[in-house]
Amino acid sequence: MNTLMRRALLLMHSRTYCIKQYAVAGTEAAAKGKLNYEEFIDSRHQQAQRSIVVQVSSEKSYPELYNYCSRFGHIVTVQHYCVQHEDVLHYMLLEYASAGEATAAITSSAYNAELSGSSSGSGSGCGVPVRSPFLWFRAATAGAGRRGQAKLAANHKALPLSTIDGTRPPTHDYLQELLRGANSIEQQLQLLYDQTRLNDLGVRMRFLAALQVQESISGMFPDALAQPFGSSVNGFGKMGCDLDLILRFDGKTTANGLDSQREASRLIYHTKENLSNGRSQTQRQMECIGDVLHLFLPGVCHVRRILQARVPIIKYHHEHLDLEVDLSMSNLTGFYMSELLYMFGELDSRVRPLTFSVRRWAQSCGLTNPSPGRWITNFSLTCLVMFFMQQLRQPILPAIGALAKAASATDIRVTEDGINCTFARDMERVGFQSRNTSSLSELLLQFFEFYSQFDFHNRAISLNEGRALAKPDHSAMYIVNPLEQLLNVSKNVSLEECERLRIEVRNAAWMLESEVENTTLTESERREQSWGLLNLFKNPEKSVIRPNMFFKPRMVEVSDLFDKSQTAAMTPPAVNYKNATVRQQVQSIKAAARNELKQLRESSTTTATTAAKTKRSR
Ligand code: GTP
Ligand code: MG
């Protein structure tokens, strides 16, 4: 009871303070010239409300579209993008000066059913007449076309398109050429980040996807808020990354200060009583939201419900945005974790490019994989990079514990299930100043060296403390979940994948070291052949230690590990390592792996014997 009361009190505090926080939004930002996370999120939500997406036949339709849409208000910016379907589909994302102007454009739009003369969409095969910011621009009828042309002639100064084909990621060849033409590994690292990170258009599109979900239910749930989080907003997203979205029925209550206004009211809404427990209630609600998305929302397709997961989600694809979306309803810690990562990225300009290169390296050597499994996730990998920057002799990032200590009353945040996400949002309060002057390329090399020495076997990584701790259980890799410190972020990582990581970081360290030392290439040679980062990202044909030398393929069943005949057949061919340190390191990895396999085998025998005994005694 006490705990519950404490949580309720904290929740009340958090709500009160959220309101205050929003009240000052904008003023602090203006003073600093930088947006904090909440201000950034808020400004993007507002921008989405001023925006519409219009499908056109090609970018050549732009002047006509601009001319037509100008009648609803002042257009501030227009960006063009393509979606590869059976054909290439073209879209324009228009931002008006005010939300009212965008609403006017949306409200003026006709339904397809009206084109075919049907009075109602239902039953006519033309689709339900649903309202959303996703529109298409039909060809002008003869008369209207002439009028439009005449007006266009008078108003020919269309704003230049600020982007054409704005979501196309750079091709592999283009990126290769660009990186070859760089002056240094340092420049390669920066170029890679600049060229592949999620751009402004990508962020706008993601907030429009959120707005569409939110507005689809706003009649019944006027306080509903669909909040993007994860790599779409934390500054670590690359072009084409998925959209993580939390839908909260009461999300706007805190933001607009509605709670305090309503506190005095004597009129209380009648609401439905929750009949089942919290989790199955959420699952039922999500099922229902999934149906709404699936049946009614334009662009939403391939809806999948994954309701048994720790955090139940609905996955879908948005075909007008070419976007994968993961929608949850109870994952506020993910939102606050994204805030922490956003703050870290803002604190030092090296944080994001370094993380990008590590993520790309991990992808290129197959350590990460878009589908969930026993391999390390991008989020865990990001935690490894953050931890590396915390534990340096001259740290680049502070420990999260220091942020928690410096929190003021306005920083109190508690999730709906009582998880405390309180930490200082204003870095000046933390008083952290890095004296680290290492270059990006030095840091990348140090990152690889650090994790090639890290004792994953016995140590856990704590971003809260900024140092390694004794490992509390036998997980192959242990990263203390910064916001729920009893959980392990990398619990899914298998022993085999952890070993692969250790091997790959060693390879990378060696490779990068030789690249840094290799200054003999002339400028024309650099343009013609791979060097620097390109050699690191190349599939590991040049790499010295191949992980499957002593492990079977990744989809291995645990039981297979105990099959002696197969284990014997896996004995790696003898390899001559040039470098004595590497030779020694490989030997010790092999020994450690053999030891662990032996222990696993022994414990399985013990378990099997115990199980057999138990069976007999029944
Ligand atoms: P990509 O989608 O791979 O680009 O990266 P991502 O950072 O978006 O990762 P993902 O979609 O897997 O997770 C979305 C966000 O949820 C992350 O950025 C974190 O903020 C948060 N998150 C994911 N896993 C955990 C976890 O185990 N603990 C906590 N506290 N947050 C997590
Ligand atoms: Mg994500």
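Of the 14 residues around ligand 1, the ones that come nearest are Ser231, Asp242, Asp244, Asn378 and Asn481 (near means a heavy atom within 4 Å). Keep in mind that this is a predicted model, with local features needing pLDDT of at least 70, side-chain atom pairs counted only at pLDDT 80 or more, and totals for chains, interfaces and linings using all residues. Residues are numbered from 1 along each chain as its sequence is written, chains are lettered from A and ligands numbered from 1 in the order written, and side-chain values use heavy atoms, with hydrogens and water left out.

Now for the individual atom pairs. A side-chain N or O atom of Asp242 sits 3.0 Å from an oxygen atom of ligand 1, and Asp244 also has a side-chain N or O atom 3.0 Å from a ligand oxygen. With Asn481, a polar side-chain atom is 3.0 Å from a nitrogen atom of ligand 1. On its own, ligand 1 has 610 Å² of accessible area, and the protein covers 79% of that (Shrake-Rupley, 1.4 Å probe). Helices H14 (332–347) and H16 (378–391) are the elements giving two or more residues to the shell, and H14 gives the most, with 3 residues. Helices here are DSSP runs of H or I, at least four residues, numbered from the N terminus.

On to the helix pair. The axes of H9 (residues 185–196) and H19 (residues 440–453) come within 8 Å and cross at roughly 85°, so the two helices are roughly perpendicular (65 to 115 degrees). Axes are lines fitted to C-alpha atoms over the stretch in contact, with angles from 0 to 180 degrees between N-to-C directions. Ile185, Glu186, Leu189 and Gln190 in H9 meet Leu440, Ser441 and Leu444 in H19, contact being heavy atoms within 4.5 Å.

Definitions and conventions
Angles under 35 degrees count as roughly parallel, over 145 as roughly antiparallel, 65 to 115 as roughly perpendicular and the rest as oblique. A polar contact is a pair of N or O atoms within 3.5 Å; within protein, one must be able to donate a hydrogen and the other to accept it, and residues adjacent in sequence count only if both atoms are side-chain atoms.
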